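Work through the exercises below with the model open. Try each task before reading its solution.

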Amino acid sequence: HHHAPGQLGSRCVDCHMPTVTTNGNTPNHSFYAQLSACKTCHAAATNFDVNGAMSEVKAAMFELEAALNAAGYITRSSAAPYEGLTSDQLKDGAFELDLTRPNGSPDGGVPVLTADQAGALYNYLIIARGGALGVHNPRYVRQLIFDSYKAITGNAPTKIVRP
């Protein structure tokens, strides 16, 4: 993928510190991603959701979040009884607020996770905490979400295809 190491636009500074013509062509030191950097390759871009990639990842994250919640693996409660996510929380897109359920499943038992299920939960949390919705490596993030959903449910997700 073109955002992968060794490819055009692969260094952090390429997107986060582009030169600013109004500042004597010196780099922007805010380190906030700049849409002007995206336009180097994606001239028609009007936001960071180039070709709808972020929207696709977000839709798939909603699907994965719901699967993890149904399996009893996530919560937003920091105190027992560690209830699962509410229907409103499953719609808010605040994936970064989701927590793992300490000490177990809804019935109080400790869930036994396979390596794939534990990896799926880990993948979800990494993507959720990152907040970039796949911008840094969209193909890889889509693959992680697809594989994670399949590890939890045994089925392919409906919102994303495996690259």
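**Exercise 1. Check the span of helix α4 (residues 115–130) against its end-to-end distance.**

Step 1. Helices here are DSSP runs of H or I with at least four residues, and strands are E runs of at least two, numbered from the N terminus.
Step 2. The expected span is 1.5 Å times one less than the number of residues.
Step 3. The 16 residues of α4 should therefore span 22 Å, and the end C-alpha atoms are 22 Å apart, so the two agree.
Step 4. Just past α4, Gly131 has a positive phi of about 75°.

The model is predicted: local features need pLDDT of at least 70, side-chain atom pairs count only at pLDDT 80 or more, and totals for chains, interfaces and linings use all residues. Residues are numbered from 1 along each chain as its sequence is written, and side-chain values use heavy atoms, leaving out hydrogens and water.

**Exercise 2. Is Gln117 buried or exposed?**

Step 1. Buried means under 20% relative accessible area, exposed over 50%, partly exposed in between (1.4 Å probe, protein chains only).
Step 2. Gln117 lies in α4 and counts as buried because its relative accessibility is 15%.
Step 3. Leaving aside residues up to four places away in sequence, Gln117 touches Tyr73, Val112, Ala151 and Ile152 (contact: heavy atoms within 4.5 Å).

**Exercise 3. What covers the buried residues of α4?**

Step 1. Those buried residues include Ala120, Leu121, Tyr124 and Ile127.
Step 2. Their cover includes α3 (53–70), β3 (74–75), β4 (99–100) and α5 (138–153).
Step 3. Buried residues of α5, in turn, pack against α3 and α4; among them are Val141, Ile145 and Ile152.
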